[in-house]
Amino acid sequence: QVHLVESGGGPVQTGGSLRLSCAASGLTFRSYAMGWFRQAPGKEREFVARITYNSFSTDYADSVKGRFTISRDNDKKTVYLQMDSLKPEDTAVYFCNAVAGSEPRFDSWGQGTQVTVSS
């Protein structure tokens, strides 16, 4: 069974930075493209970023392009999201999942990690 554990969120002021981590188990991590998603209060979960299984390619939502950086460590079975120049509209619960295109691959989600950006 796939198990995803996100961490690294917290409160931060506008313009600040955070680094999120997602530890994965129950899957052959190095075989899957991985992605980050977020869900703000009252909104649907949305795609944020993805990275191919070998880190050769990344892709970002327009809203975070140039500010967020996704990376991974296949030996540690962990995917990261470096978030810089944070804005209040980045406030959300952040989740990771394996991805197929920009869609989550697994129905099982972790608990997410809350990011709150204050102005």
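Trainee: Let's start with Lys 65. Which residue does Lys 65 form a salt bridge with?
Mentor: Asp 62. The closest N and O atoms are 3.1 Å apart. Keep in mind that this is a predicted model.

Trainee: And Asp 62, buried or exposed?
Mentor: Exposed, because its relative accessible area is 65%, and exposed means over 50%. Lys 65 has a relative accessibility of 48%, so Lys 65 counts as partly exposed.

Trainee: What lets side chains pair up like that?
Mentor: Side chains of opposite charge can pair when their charged atoms come close.

Trainee: How many salt bridges does the structure hold?
Mentor: There are 6. One of them joins Arg 50 and Asp 59, with the closest N and O atoms 3.0 Å apart.

Trainee: How accessible are Arg 50 and Asp 59?
Mentor: Arg 50 is at 25% relative accessibility, so Arg 50 counts as partly exposed. Asp 59 is at 27%, so Asp 59 is partly exposed too.

Trainee: What about Arg 38? Which side chain does Arg 38 meet in a salt bridge?
Mentor: That of Asp 90, at 2.9 Å from N to O. This pair links distant parts of the chain, 52 residues apart. Arg 38 lies in strand S4, while Asp 90 sits in the loop between strands S8 and S9.

Trainee: Are those two buried or exposed?
Mentor: Both Arg 38 and Asp 90 are buried. They also belong to a network of salt bridges that includes Glu 46 and Arg 67.

Trainee: New topic: the largest nonpolar core. Which residues touch the most other members?
Mentor: Trp 36, Val 79, Leu 81, Met 83 and Tyr 94, out of 32 residues in that core. Several strands give two or more residues to this core, among them S3, S4, S8 and S11. The largest share, 5 residues, comes from S9.

Trainee: Last one: where is Ser 118?
Mentor: Ser 118 is in strand S11, which covers residues 113-118. With a relative accessible area of 35%, Ser 118 is partly exposed.

Trainee: Which residues does Ser 118 touch, leaving out those up to four places away in sequence?
Mentor: Val 12, Gln 13 and Thr 14. As for Ile 51, its C-alpha atom is separated from that of Ser 118 by 28 Å. Those two are 67 residues apart along the chain.

Key. Residues are numbered from 1 along each chain as its sequence is written. This is a predicted model: local features need pLDDT of at least 70, side-chain atom pairs count only at pLDDT 80 or more; totals for chains, interfaces and linings use all residues. Side-chain values use heavy atoms; hydrogens and water are left out. Helices (H or I, at least four residues) and strands (E, at least two) are DSSP runs, numbered from the N terminus. Buried means under 20% relative accessible area, exposed over 50%, partly exposed in between (1.4 Å probe, protein chains only). Contact means heavy atoms within 4.5 Å. A salt bridge is a side-chain nitrogen of Lys or Arg within 4 Å of a carboxyl oxygen of Asp or Glu. A nonpolar core is a set of buried Ala, Val, Leu, Ile, Met, Phe, Trp, Tyr and Cys residues joined through side-chain atoms within 4.5 Å.
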